[in-house]
2 protein chains.
Amino acid sequence: MFHHAEIIAVGSELLLGNVANTDAQYVSQKLAAVGVDVLYHTVVGDNPERLRQVTDIARQRCDLLIFIGGLGPTYDDLTKDTVCAAFGVATEFHEDVMEEISGYFKNVFRREMPDCNRRQAYLPKGCTVLHNPVGTAPGCVFTADGVTVAMLPGVPHECRYLTDHALLPYLQARQESMILSHTLHVFGLTEPKVQEELGDLMNGAVNPSLAPYAKGAEVQLRLTAKAATEADCERLLAPLMQAVRQRLGAHVYGVDMGSPEQHAVQALTRRGLTVSAAESCTGGLIAKRLTDVPGASAAFLGGVVSYTNGVKHGVLGVPEALLQQYGAVSEPVAKAMAEGARRITGSNLALSVTGLAGPDGDDRGNPVGTVYIGLAKAGGTQVTQLFLKGDRKSIRQQAADYAFALLNKYLQKINP
Amino acid sequence: MFHHAEIIAVGSELLLGNVANTDAQYVSQKLAAVGVDVLYHTVVGDNPERLRQVTDIARQRCDLLIFIGGLGPTYDDLTKDTVCAAFGVATEFHEDVMEEISGYFKNVFRREMPDCNRRQAYLPKGCTVLHNPVGTAPGCVFTADGVTVAMLPGVPHECRYLTDHALLPYLQARQESMILSHTLHVFGLTEPKVQEELGDLMNGAVNPSLAPYAKGAEVQLRLTAKAATEADCERLLAPLMQAVRQRLGAHVYGVDMGSPEQHAVQALTRRGLTVSAAESCTGGLIAKRLTDVPGASAAFLGGVVSYTNGVKHGVLGVPEALLQQYGAVSEPVAKAMAEGARRITGSNLALSVTGLAGPDGDDRGNPVGTVYIGLAKAGGTQVTQLFLKGDRKSIRQQAADYAFALLNKYLQKINP
């Protein structure tokens, strides 16, 4: 049973801001799901003294330390040696791991393994090896002085693979209680408004706990319980869930929907419906997010990024007269774009987005943040106007979030 | 003059993995650019005891602490009170800040300011206020016991705005030296190969320093110098730059190109050329990344996400015979897709991507990771076949990176 975890990412590229610490995000999500509380994230550079100091602090305050990165074959990959020294654990050569690494070179890179990769087969004495079939850096777990120490490679897809296939099963087998969360999805209320409505439920709640979180176009409410079994967790959650639903009524439009694009793909597939997209200011973001979802091809046929009036007219068939009379950022054009995408792809439904993400407004006086979203369907097309705040990136994300929310609300009304 | 910085992000949503710590990434990038070394990132939840403990550790090892998040109006926004208590600094009410906040409510939210937002006008006694015109949470900077403490809001666009417009000017005015970096972009060599070629230059280098970094389809070499003036930095960098270029020859294909999509938009715009995209497995990612760049509309006309054969044929005009004979993931289809996008959008150039991002291969025996990239231009269409490794997300990113690299290499060959 682990009580408190710290995730320690090692890599100067993180401190230079070259990349975001998405590994820590991923591992945190997965640990939360098996009932491990993550209390700290730390990032430190490829520097043995500072890594040692960070390790010494972490072992005083947590009983599960997860190191990510610095397991490669080069001189600046120092995590294993530094952490093992801190815990007084020796490393030893693993013949089977060595064979896996040289096999990976032979089968995937199609060349002989360089000598420097031998370093990667040295692992802490007595550790559990986290075998890595998707790269060359194996992970490991060992326990010393009452602290469990795991090491994972920093390459994102290797980190994700080892977390799912090796670390989580290891941890799950050692947990005495579990955590279960449900997420209620709320649309049409701001986060402060939700806090106002639920303040008393939130302030007192420990197990189950209740936390609101504004995400894109919606507010998510996370209800979390900790207990010995799943059934016990559900028993703790049920009354709180009911109380929240009573107070917020129809604003609660779903439970555990995942990301809005995941939910859209599932809801469409379940109903045997397809969607397409015609995007102007979101510039492909809606298509990109839908196709992030494995299996999207069952529900998403494709789309058009119409970044110019020429493409709106030439590919989507938006009448030139509409573009001239109302401008590209207008309700009639949003409607014609959605209908155009539906017609040329043959999809059941089609989303369209046209708007101003900034930095500049248009020559018709529309301010940055003006966005029209269309949803075309057999019975006609609905268009919603939004005035969004934020910078270019944020406005694009919000516009896509609203488009998914409109689609999901519409799908919810159709059986099943 | 600041020597060592620590960035401390406050927010339980980071520890739950709901969001990645992109604020720390952004601030790190900007600090590096003004010559501040970031030695640690720390993330802690909305918990005053742990935040206090983290603050006490940070002030022992760094002389610049940057806190991000927890400046909102609600009960769990505790950064200001906790940090001020740690440094023995009182807070005081700022009338002018209060007016800015209530003005923001009036002008942007179009409603009266709730009472709880009064909390946000209390700031550390004697601090420099970082005024926030893009949200309600002001930032601040103060110095106590030889440590400079800055606080920034956690909402990403507010954090970015205050970093650029308030924090950086404040820090820059207090720096005695500056840091200058140049990035050389290398295409066609792996990172280990680059390390092999440049090992002796890298190992000895301190000022200027030389660090390789694999990013997408290319390897980036970051050359960094620290000196009193920009001219002094350039003088330090010149001989190293020349030595690297001599060793790597034509593999170095650019300097300080920014992201590949930024470079593509700039290079196209400078040459008066336009591009479009026909995307299958990248599903809109290329269009999305191009339109992430402000001003993309000068160079990017639009594109088609053809996630099904129906859309490849119906919208892009890929002959059905080709799809049947060679399959969607094939050189002839990549060629026809690029040519189709070029024809229907009227662009000068067009990129196409068709491939298998996984999790499943296709029924013709192509393994996951098989990707064809096409570049159509007036003189004909070139198609490159790739075998990429990684999971779905990684393969999609790599495919887009390769497409941009091919486009950028092609543009480099055209004058100017």
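Buried here stands for under 20% relative accessible area, exposed for over 50%, and partly exposed for the range in between, with a 1.4 Å probe and protein chains only.

Welcome to this structure, which is a predicted model: local features need pLDDT of at least 70, side-chain atom pairs count only at pLDDT 80 or more, and totals for chains, interfaces and linings use all residues. Residues are numbered from 1 along each chain as its sequence is written, chains are lettered from A and ligands numbered from 1 in the order in which they are written, and side-chain values use heavy atoms, leaving out hydrogens and water.

**Chain A as a whole**

- Chain A contains 14 helices and 17 strands; these are DSSP runs numbered from the N terminus, with helices (H or I) of at least four residues and strands (E) of at least two.
- The C-alpha trace of chain A spans about 75 × 55 × 40 Å along its principal axes.
- Of the 416 residues in chain A, 59% count as buried.
- Looking at contacts in chain A between residues at least 6 apart in sequence, 68% join residues at least 24 apart; a contact means heavy atoms within 4.5 Å.
- Chain A exposes about 16,400 Å², and carbon and sulfur atoms supply 50% of it; such areas come from the Shrake-Rupley method with a 1.4 Å probe, and for residues only the protein chains shown count as cover.
- Chain A carries 37 positive and 42 negative charges, whose mean positions are 7 Å apart. Lys and Arg count as positive and Asp and Glu as negative, while His and the chain ends are not counted; each charge is placed at NZ of Lys, CZ of Arg, CG of Asp or CD of Glu.

- An open sheet of 10 strands runs in the order 17(A)-16(A)-15(A)-13(A)-14(A)-14(B)-13(B)-15(B)-16(B)-17(B), with mixed pairing. Two strands pair if DSSP finds at least two bridges between them.
- At the edges are strand 17 (380–387) of chain A and strand 17 (380–387) of chain B, each of which pairs on one side only.
- Neighbouring strands of this sheet are turned by 15° against each other on average, direction ignored. Here the axes are lines fitted to C-alpha atoms (for helices, over the stretch in contact), and angles run from 0 to 180 degrees between N-to-C directions.
- Strand 13 (residues 275–279) and strand 14 (residues 300–306), both of chain A, pair in the parallel sense over 5 bridges. A:Ala278 faces A:Val304 in strand 14 of chain A as its opposite residue.

**Strand 16 of chain A and its partners**

- Because 8 of the 8 residues of strand 16 (residues 370–377) of chain A are buried, this strand is largely enclosed by the rest of the structure.
- Strand 15 (residues 349–355) of chain A pairs with strand 16 of chain A in the antiparallel sense over 6 bridges, and A:Thr354 stands opposite A:Tyr372.
- Strand 17 of chain A also pairs with strand 16 of chain A in the antiparallel sense, over 8 bridges; here A:Thr370 stands opposite A:Phe387.
- A hairpin connects strand 16 of chain A to strand 17 of chain A through 2 residues.

- Strand 9 (residues 178–187) of chain A has 8 of its 10 residues buried, so it is largely enclosed by the rest of the structure.
- Strand 9 of chain A pairs in the antiparallel sense with strand 11 (residues 218–227) of chain A over 10 bridges, where A:Thr183 has A:Arg222 as its bridge partner.
- Strand 9 of chain A pairs in the antiparallel sense with strand 12 (residues 252–255) of chain A over 3 bridges, where A:His185 has A:Gly254 as its bridge partner.
- Helix 4 (residues 79–86) of chain A is mostly covered, with 6 of its 8 residues buried, including A:Val83 and A:Cys84. Just after helix 4 of chain A, A:Gly88 takes a positive phi of about 65°.

**Spots to visit in chain B**

- Strand 1 (residues 4–10) of chain B is largely enclosed by the rest of the structure because 6 of its 7 residues are buried.
- Strand 1 of chain B pairs in the parallel sense with strand 2 (residues 37–44) of chain B over 7 bridges, with B:Ala5 opposite B:Val38.
- Strand 1 of chain B pairs in the parallel sense with strand 3 (residues 64–68) of chain B over 5 bridges, with B:Glu6 opposite B:Leu65.
- B:Gln195 lies in helix 7 (residues 191–204) of chain B and counts as buried because its relative accessibility is 17%. Leaving aside neighbours within four places in sequence, B:Gln195 is in contact with A:Thr74, B:Met202 and B:Pro212.
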